[in-house]
Amino acid sequence: MEAILKDPGGAVIGLDFDGTLAPIVPDPASARIHPEAPGVLAELGAHVAAVAVVTGRPAATAVRLGPGLADVPGLVVLGHYGFERWEGGRISAPPPPAGVPRAEAELPLLLASLGLHDVTVEDKGRAVAVHTRRAADPEAALAALREPLAELAAEHDLVLEPGRMVLELRPPGMDKGHALGLFLAERAARSVMFVGDDLGDLAAFDAVANSGLPGVTVCSGSAEVTLLAERADIVVDGPEGVVALLSELASAVSRP
C-alpha cells in the first residue's frame with residue numbers, strides 16, 4: 001500500500017467482478033455493479049497506471065452489467081479469465097473453442113439423469129457454467145455435480161473451475177493469474193493490488209506474490225468462501241467494503 005501511495009502512476013489495480021464489484025445474486029443475468037463503484041474507479045483510474053477487471057464473464061457482459069465502467073479512464077476488462085479483452089469499446093479474442101458448445105449440448109441429459117431440475121445453466125460463450133444457488137439444497141447439488149462435470153469437461157478438453165455455488169467448464173491454458181501476470185508486464189507495473197472473492201481469484205493472488213513487485217491482495221469476504229480470506233493481506237466486507245477501500249485509496253492518491 002505504501003508503494004502504491006508513493007507512486008500511484010506505477011500501480012495496477014486488478015479486480016474481479018461478481019462478488020467483488022457486484023453483489024452475488026441468485027440469477028447471474030440480474031447482477032449489477034455496486035452503484036458507487038464506477039465513480040470511485042474513475043477517480044482512481046485518473047491517477048494509477050491502469051484499472052483492470054479480470055473476470056470469468058465475457059468482457060462485454062461485465063461492461064453491460066457495470067453501467068459507468070466504460071467511462072473509467074484507461075479501463076481494461078480481461079474476460080473469460082483473460083482469453084478476451086475489452087478496451088476502448090473494442091473486444092479482441094481468439095475463436096471460441098469447439099468443446100464448450102458440445103459439452104453444453106450434453107448438459108440437459110446429464111442434469112436430468114442426476115435428478116437436478118432446479119439448477120441454472122449459463123451460456124458464457126467461451127465457457128458454460130452450472131449454478132446451484134437456486135436448488136433446494138445448493139451444497140448437495142454442487143457435490144453431486146462435481147465428478148460428472150469433471151468427466152464431461154475432460155471428454156471435451158476443458159477444465160472444471162469451482163466457485164461460489166457454481167461449476168464452470170472452460171478451456172485450459174488461461175487463468176486469472178496468467179492474465180494478470182501478462183498485464184503487469186505489458187504495463188511495466190511498479191506495484192499491484194488485486195481484489196477478489198472466489199476460488200478462481202487464488203491464481204491472481206499467486207500472480208501478485210510471484211510478480212516481484214510490491215503487492216497487496218484484498219478479499220471481498222463472504223461466509224461461502226473462506227480460503228481466499230486466509231490468503232489475503234486485507235479482508236473487507238463484500239462489495240460494500242471493496243468500494244469503501246477503493247474510495248479511501250482514490251482520495252489518498254488524488255491529493256497533491
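Buried residues, meaning those under 20% relative accessible area with a 1.4 Å probe and protein chains only, make up 53% of the 256 residues in the protein. This is a predicted model, in which local features need pLDDT of at least 70 and side-chain atom pairs count only at pLDDT 80 or more, while totals for chains, interfaces and linings use all residues. Residues are numbered from 1 along each chain as its sequence is written, and side-chain values use heavy atoms, with hydrogens and water left out.

**Overall fold**

- The protein has nine helices and 12 strands, taken as DSSP runs (H or I of at least four residues for helices, E of at least two for strands) and numbered from the N terminus.
- Its radius of gyration, taken over C-alpha atoms, is 18 Å, close to the 18 Å that the globule rule (2.2 Å times the number of residues to the power 0.38) gives for 256 residues, so the protein is as compact as a globular protein of that length.
- Of the contacts (heavy atoms within 4.5 Å) with a separation of 6 or more, 64% are between residues 24 or more positions apart.

**Nonpolar cores**

- A nonpolar core is a set of buried Ala, Val, Leu, Ile, Met, Phe, Trp, Tyr and Cys residues joined through side-chain atoms within 4.5 Å, and the largest one here has 37 residues, with Ile13, Leu15, Phe17, Met193 and Leu246 making the most contacts inside it.
- Among the elements that each supply at least two residues of this core are strand E1 (11–15), strand E10 (191–196) and helix H9 (238–254), and H9 gives the most, with seven residues.
- Leu15 touches, among others, Leu41, Val53, Phe194 and Leu246, when residues up to four places away in sequence are not counted.
- A second, separate core has 23 residues, including Ala50, Leu78, Phe194 and Cys219.

**Helix H4**

- Just after H4, Gly115 takes a positive phi of about 70°.

How values were computed:
Buried means under 20% relative accessible area, exposed over 50%, partly exposed in between (1.4 Å probe, protein chains only).
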